[in-house]
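Dear colleague,

I am passing on the structure below. My notes on it follow.

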Amino acid sequence: MKQKETESDFKPNKKKGCMGETQTKAKDEVINVSLMAYEYGEAKIQRSKSFPVKLSKDMGYDEVRERALKKWEDYDRNFSRDHGYVVTFQDGKLAKQIPGSSEEFMLRKYKEGLGKSYGRIVMYLCPVTEKKSREYNANNKLVK
């Protein structure tokens, strides 16, 4: 039996149970960022337009906004940063502060207050102003 034990190919995983680099680093979390658009003067959520965005737990409003804008620019060729987007909550309120308090927005604090896991958090990019629709005169010519 001793001979069989020494001949086996079993090698224990030495990393298991040890504090490796991956366990000590701050893990990025993924939240979903969707779009809002103006319809009849009111901001409405655009269904089926959402991208997952990797964020650090300690990111503030400006960092979340920049990462979300970059992700949308990279993956949606119809998206343009020129409209001046802001990050909002589902109700359309600007995400500069944690709802119900005067604390500055931080992803970790928002998650704690919301009581959801990071994967279920959805934030929205909303244009600052309404898109100007093309106006046509009586002769069906575009007015600039």
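How many bridges join strand 1 to strand 2, and do the two run parallel or antiparallel? They run antiparallel, and 10 bridges join strand 1 to strand 2 (residues 42-55); two strands count as paired if DSSP finds at least two bridges between them. Helices (H or I, at least four residues) and strands (E, at least two) are DSSP runs, numbered from the N terminus.

On provenance: this is a predicted model, in which local features need pLDDT of at least 70 and side-chain atom pairs count only at pLDDT 80 or more, while totals for chains, interfaces and linings use all residues. Residues are numbered from 1 along each chain as its sequence is written, and side-chain values use heavy atoms, with hydrogens and water left out.

Overall. The protein chain has 4 helices and 6 strands, in the order α-α-β-β-α-β-α-β-β-β from the N terminus. Of its 144 residues, 24% count as buried (under 20% relative accessible area; exposed is over 50%, partly exposed in between; 1.4 Å probe, protein chains only). Among contacts (heavy atoms within 4.5 Å) with a separation of 6 or more, 53% are between residues 24 or more positions apart.

Strands 1 and 2. In this hairpin, 2 residues lie between the strands, and Tyr 40 takes a positive phi near 55°. Met 36 stands opposite Ile 45 of strand 2. Glu 29 belongs to strand 1 (residues 29-39) and counts as buried because its relative accessibility is 14%. Apart from neighbours within four places in sequence, Glu 29 contacts Val 53, Lys 54, Leu 55, Lys 57 and Tyr 118.

Not counting residues up to four places away in sequence, Leu 125 touches, among others, Val 33, Leu 35, Met 36, Trp 72 and Val 87.

Loop. Pro 99 sits between strand 3 and helix 4. Its relative accessibility is 49%, so Pro 99 counts as partly exposed. Beyond residues up to four places away in sequence, Pro 99 touches Phe 89 and Tyr 110. The C-alpha atoms of Pro 99 and Tyr 110 are separated by 8.1 Å, with the two 11 residues apart along the chain.

Regards
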